[in-house]
Amino acid sequence: MTATPQTPARTYEVRTYGCQMNVHDSERLTGLLEDAGYAAAPAGEQADVVVFNTCAVRENADNKLYGNLSHLAPVKAKRPGMQIAVGGCMAQKDRDTIVERAPYVDVVFGTHNIGSLPALLDRARSQEEAQVEILESLSVFPSTLPTKRDSAYAAWVSISVGCNNTCTFCIVPSLRGKETDRRPGDILAEIRALVAEGVTEVTLLGQNVNAYGVEFGDRQAFSKLLRACGEIEGLERVRFTSPHPAEFTDDVIEAMAQTPNVMPQLHMPLQSGSDRVLKAMRRSYRQAKFLGIIERVRAAMPHAAISTDIIVGFPGETEEDFQATLDVVRRARFANAYTFQYSIRPGTPAATMPDQIAPEVVKDRYQRLVAVVEEIAWEESKKLVGRTVELMVSEGEGRKDRATARLSGRGPDNRLVHFAADFSGVEADSVRPGDMVTVQVTYAAPHHLVADGPVLAVRRTRAGDAWERRTSAPPAPSGVGLGMPSIGAPAPLPPAPACG
């Protein structure tokens, strides 16, 4: 599709749901569409092409998808030429039913062929019939596709796709396929290119990120990759998500502790503290191993912030099993925990297990778990009051910043800090997203910190320069609606169960 002065570019909007992998895929979808001549729809205007990048992990994901599609049906009926495309995990799973249930959908594409979207849209328009293309395996690694990144200063970098685990509650491996690893040279080349553009923080991304190297037989490939990232000049912060406890080895802990730009932050999915439930989940570790990893991480990095995922109410979970989870939470002292009430995911082995837990029992356990998690997170946050921290200034993360006259940033441990825009003590009167500021923490809440004193230091960065170049250019309206907690930088963690 090529726009001419007589035929303005068709506009697009991408609506994204789910985990970081989906967010990163949407950056590629927008890059593909713009490379094909589409333009982002102006805010408040109906796009010519609406793309749903779907999730199959969240509860009632299918109902939400079809509900959103039904809202667009009358809009499309009044707009000749409008197209609707559905991709992502739900498309991969429900390939045969989406067009049947929503016959006004023009394109259905899977997780393995996002690069086909522009061609499928063209074909659907010329042939005037729905196009469904679902591949069972990757034909090209997604990172080779055009990408329009949401942030000028921070970026996702995919190091692998797919997963070789068989967790009974998770449908992702059947939708994303077996693990496929990128070559280290390709990953490092992408990171160097991002740094040359002004990016100073990268998050290495994989469904089971620390299993990286399994495809080419190097069990220490992930720790080697972390160390190699430490040698890239201009790269200030390296993070990764999500690892699996079963493959988390001491060489990774050593690489984290010994590589200055690898941040002291770890998201380690627990899922359950009960050995019996972990076995039923097919999680190939037990409570003792998990706590041993936490202990060794803290020994190597005393100030590391550790977060996790926990599911309550898994089929067959007893009160004793639940108490084992609470015990691990108290001993591990997580800085944050993403907690979930188990619900049946069609297509998973757990969906047909006996002893499904009554919803009222699941809800009660969930509420008790959240209370303990919040209490511990708050206690851990209070330990940071009075500490001086360097923050990377962020964009769009402080929902109340305008009302409180504060700005926001992330510390090395990825904690969110809202800080006073008080530059009276430094030779600066403002900062940009991507710049670094030093502040002193004055108040702690369970999920954020506050620094209400004067800014102690400001360091303008290449990342801030990149943000300024992007925002000072003629404004390009955003057409990417991300169903995530923040826009403008990779969200620190997904509000959905990690595959790890």
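Ring pairs join Tyr285, Phe290 and Phe334 into a cluster. The model shown here is predicted. By the ring-pair rule, the count comes to 5 aromatic pairs. One of them is the pair of phenylalanine 290 and phenylalanine 334: the ring centres are 6.2 Å apart and the planes stand at 65°, so the pair is edge-to-face. The cut-off for that label is an angle over 60 degrees. Phenylalanine 290 belongs to helix H11 (residues 287-300), while phenylalanine 334 lies in the loop between helix H12 (319-332) and strand E14 (336-341), so the contact ties together parts that are 44 residues apart in sequence. Phenylalanine 290 and phenylalanine 334 are both buried.

A second pair brings together phenylalanine 314 and tyrosine 342. Their ring centres are 5.5 Å apart and their planes make 70°, so this pair is edge-to-face. It links distant parts of the chain, 28 residues apart. Phenylalanine 314 sits in the loop between strand E13 (305-312) and H12. Tyrosine 342 sits in the loop between E14 and helix H13 (359-382). Phenylalanine 314 has 0% relative accessibility and therefore counts as buried. Tyrosine 342, at 12%, counts as buried because the limit is under 20%.

Aromatic rings also meet charges. The charged end of arginine 101 sits over the ring of tyrosine 66, 3.7 Å from the ring centre. Lysine 382 places its charged end over the ring of tryptophan 378, at 4.4 Å from the centre.

Next come the sheets. Strands of a sheet pair through backbone hydrogen bonds, in a parallel or an antiparallel sense. E7 pairs with strand E10 (residues 201-205) in the parallel sense over 5 bridges. Within this pairing, tryptophan 156 stands opposite threonine 203 in E10.

Another open sheet has 7 strands, in the order E19-E20-E17-E16-E15-E18-E21, and its pairing is mixed. Here the edges are strand E19 (443-444) and strand E21 (457-459); each has a single partner strand, so one side of each lacks a neighbour in the sheet. Inside the order, strand E15 (residues 388-393) and strand E18 (residues 436-440) run antiparallel and are joined by 5 bridges. Methionine 392 stands opposite methionine 436 in E18.

Which residues have the most contacts inside the largest nonpolar core? They are Ile191, Leu204, Phe222, Leu226, Phe240, Phe248 and Val297, in a core of 58 residues. Helix H8 (residues 221-229) gives the most to this core, with 6 residues. Take phenylalanine 222. Leaving aside neighbours within four places in sequence, phenylalanine 222 is in contact with Ile159, Leu204, Val209, Asn210, Tyr212, Phe240 and Val252. Another core lies apart from the largest one. It has 23 residues, among them Val50, Tyr66, Leu69 and Ile171. Tyr66 is also the residue whose ring lies under the charged end of arginine 101.

The backbone has a few features to check. The peptide bond from threonine 241 to serine 242 is cis, with omega near -10°. Serine 242 is found in the loop between E11 and helix H9 (250-258).

Two residues other than glycine have positive phi. For glutamate 128, phi is near 55°. Glutamate 128 lies in the loop between helix H5 (117-127) and strand E6 (131-133). Its relative accessibility is 72%, so glutamate 128 counts as exposed. Arginine 282 is not a glycine either, and its phi is about 60°. Arginine 282 lies in the loop between helix H10 (275-280) and H11. At 47% relative accessibility, arginine 282 counts as partly exposed.

Note on methods. Residues numbered from 1 in each chain as written. Predicted model: local features only at pLDDT ≥ 70, side-chain atom pairs only at ≥ 80, totals over all residues. Heavy atoms only, no water. Pairing = 2+ DSSP bridges. Helix = DSSP H or I, 4+ residues; strand = E, 2+ residues; numbered from the N terminus. Phe/Tyr/Trp six-rings, centres within 6.5 Å; stacked < 30°, edge-to-face > 60°. Buried < 20%, exposed > 50% of the residue type's maximum accessible area, 1.4 Å probe, protein only. Lys NZ or Arg CZ within 6 Å of the ring centre and 35° of its normal. Core = buried A, V, L, I, M, F, W, Y, C linked by side-chain atoms within 4.5 Å. Contact = heavy atoms within 4.5 Å.
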